[in-house]
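Okay, thanks for coming, everyone.

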Amino acid sequence: MTILLVIAAVVIMLFFWVKGVYNGFVAKEENVMKAWSQVENVYQRRADLIPNLVATVKGYAAHESETLESVVEARSKATQITVDPSELDAEDLARFQKAQGELSSALGRLLLLQERYPDLKANQNFLELQAQLEGTENRISVERQKFNEVARVYNTAVRSFPKNIIASMFDFEKKAYFEAQDGAETAPKVEF
């Protein structure tokens, strides 16, 4: 009888431990998905600002159609790429980052047009949109950092022993991180 009580107690303790670990993984995975949604939210904010910025620039720099078209095309590509946060792997994240990087590059070329068009530099709509875009870029950086931190907490839990046994039993897999773009470690050359 005592042996049965001990076995029952061990089984009950094991059940509650597995339940706690599993629910902890679920909570951490939900945090990763929430953080990813916020990253997508700020990228969407940037994408929403672009048509207004392009329209403002178009009025001043109509013959810069190649630059304007590249921004519109890059925005279209960037908004078409979707990543399922529950299946967030390095390949999906790299594809997403590449499209967003192309959009950032096209926006940089668009914003450089203000140097060629002094009237554009003085346009209040352009200045406000530029300020909003700069603020959005800062938000993107902050949200990417928050996402990486939440993903790190989740990944640490998934890979830590003995919880990694429970994680593998229930298919909790490591999530990818945002990483710096190639060449980011090299300081840009500035010449005056």
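So, a word on terms: helices (H or I, at least four residues) and strands (E, at least two) are DSSP runs, numbered from the N terminus. With that, the chain reads α-α-α-α-α-α along the sequence. That's six helices and zero strands.

Now the caveats. This is a predicted model, so local features need pLDDT of at least 70 and side-chain atom pairs count only at pLDDT 80 or more, while totals for chains, interfaces and linings use all residues. Residues are numbered from 1 along each chain as its sequence is written, and side-chain values use heavy atoms, with hydrogens and water left out.

How spread out is the chain? The radius of gyration is 24 Å, well over the 16 Å from the globule rule for 192 residues, so the chain is more spread out than a compact globule. That radius is taken over C-alpha atoms, and the rule is 2.2 Å times the number of residues to the power 0.38. Along the principal axes, the C-alpha atoms fill a box of roughly 90 × 30 × 25 Å.

Next, what's inside. Buried residues make up 34% of the 192; buried means under 20% relative accessible area, exposed over 50%, and partly exposed in between, with a 1.4 Å probe and protein chains only. Contact, by the way, means heavy atoms within 4.5 Å. Of the contacts with a separation of 6 or more, 79% are between residues 24 or more positions apart.

On to the core. A nonpolar core here is a set of buried Ala, Val, Leu, Ile, Met, Phe, Trp, Tyr and Cys residues joined through side-chain atoms within 4.5 Å. The largest one has 46 residues, and Trp-36, Leu-110 and Phe-147 have the most contacts inside it. At least two residues each come from α1 (2-60), α2 (65-80), α3 (90-116), α5 (124-159) and α6 (163-169). The largest share, 13 residues, is from α1.

What does Phe-147 touch, if we skip neighbours within four places in sequence? Val-32, Ala-35, Trp-36, Val-39, Leu-88, Ala-176 and Phe-178.

Last, the backbone. In the loop between α5 and α6 you'll find Pro-162, and the peptide bond into Pro-162 from Phe-161 is cis, with omega near 5 degrees. Then, in the segment after α6, there's Asp-171. Asp-171 has a positive phi, near 60 degrees, and isn't a glycine. Asp-171 is also exposed, at 61% relative accessible area.
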